[in-house]
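Let's take a walk through this model, starting with its pockets and then moving on to a helix and a loop residue. Keep the viewer open as you read.

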Amino acid sequence: MAKNLIDFKLVSSFFPERPDNANKGSFLKILNVAGSSLYSGAAFLSSKSALRVGAGYVCLACPNEIISRIAPALPEVTFIPLKSNDFGSISSDNVIENFKSYSVLSVGCGLTTNEDTQNFVINLMKNLSESQKVVIDADAINILALHRNELSLKNSIITPHPKELSRLLNVSLAEIEDNREKYARITSQTYECITILKGHNTIVTDGDKIYTNTTGNSALAKAGTGDVLTGIIAGLLSQKVEPLKAAFLGVFLHGFAGDIASEDYTKYSVLASDLIEYLPIAISELIEQE
């Protein structure tokens, strides 16, 4: 049976147009809920990659204590300072009412699964607007796995690696690895979401058809690359790309940037931050294929 492939042919028409008269208000506002004292880099990478792929406005909601680390390197990002606990993780007593003013929400990169943060994420997920487009990654997935009967993932995009999916489905890692397509589809059918199962030949499914990505290599096997993917997808959603198309295009661009970067740096030496700098080249080459 022929596979459904995420390749140039599939995604070349998905990249959003950018009208000459556009301004930052032409695109949807992104709120990126990310970071902790241990993982401030995750907040940086996921925020910057959203901007690099074309987002007009990104606000980072993170522990107040890490803003001074991130802000000098991200002058284009605005911030919502959040209270943190003694471990440097987001506290449970933060007010989230104003989060509904953001049309795109990315949540999970570098949060930790501290009990306070668990309670914060549960409260956040229970109070999402139906109109918000949501990307769920990393520790937010791990938190959902701990509270799988309490929360809905309906209409979200989730981006687990196999270990995170193992926790979410309560299935062994070996079983996930041996049956990647099966369990990616089960996840989407169970939670009514779009699933991106990361790894070699990343899988994307809406619970119906299975698609396999054709870009990427072992250069992506480094900490932080998943944070970049989350930001890319959020950035595409902010430009009003439909969620399934944003998933296709996001994993393709992410892998393609890794392919191009590895030609210059080798597969050994590419960093997650390098992917962000190679996104313009990947985008340019993709646009030329249209």
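The largest pocket has a volume of about 670 Å³. On a 1 Å grid over the protein atoms alone, a pocket is an open set of points where a 1.4 Å probe fits, with protein on both sides within 12 Å along at least five of seven lines, and lining residues have an atom within 4 Å of a point. The volume is the space filled by probe spheres set on the points, which are joined across faces, edges and corners. This is a predicted model, so local features need pLDDT of at least 70 and side-chain atom pairs count only at pLDDT 80 or more, while totals for chains, interfaces and linings use all residues. Residues are numbered from 1 along each chain as its sequence is written, and side-chain values use heavy atoms, with hydrogens and water left out.

Back to that pocket: 32 residues line it, and K198, L220, K222, T225 and G226 are the closest to its centre. Two or more lining residues come from each of α2 (40-52), α5 (138-146), α6 (162-169), α9 (225-238) and α10 (243-269); helices are DSSP runs of H or I with at least four residues, strands are runs of E with at least two, and both are numbered from the N terminus. The largest share, four residues, belongs to α9. By class, the lining has nine nonpolar, 17 polar and six charged residues, where Ala, Val, Leu, Ile, Met, Phe, Trp, Tyr, Cys and Pro count as nonpolar, Asp, Glu, Lys and Arg as charged, and the others, Gly among them, as polar.

The second largest pocket comes in at about 280 Å³. Its lining has 15 residues, with L128, S129, E130, S152 and K154 nearest the centre.

Just after α2, G54 takes a positive phi of about 125°.

Finally, look at T215, in the loop between β10 (210-213) and α9. T215 is buried, with a relative accessible area of 13%. Its side chain makes a polar contact of 2.9 Å with that of N213, that is, a pair of N or O atoms within 3.5 Å, where within protein one must be able to donate a hydrogen and the other to accept it, and residues adjacent in sequence count only if both atoms are side-chain atoms. Leaving out residues up to four places away in sequence, T215 touches V251, F252, G255, F256 and D259.

Technical notes
Buried means under 20% relative accessible area, exposed over 50%, partly exposed in between (1.4 Å probe, protein chains only). Contact means heavy atoms within 4.5 Å.
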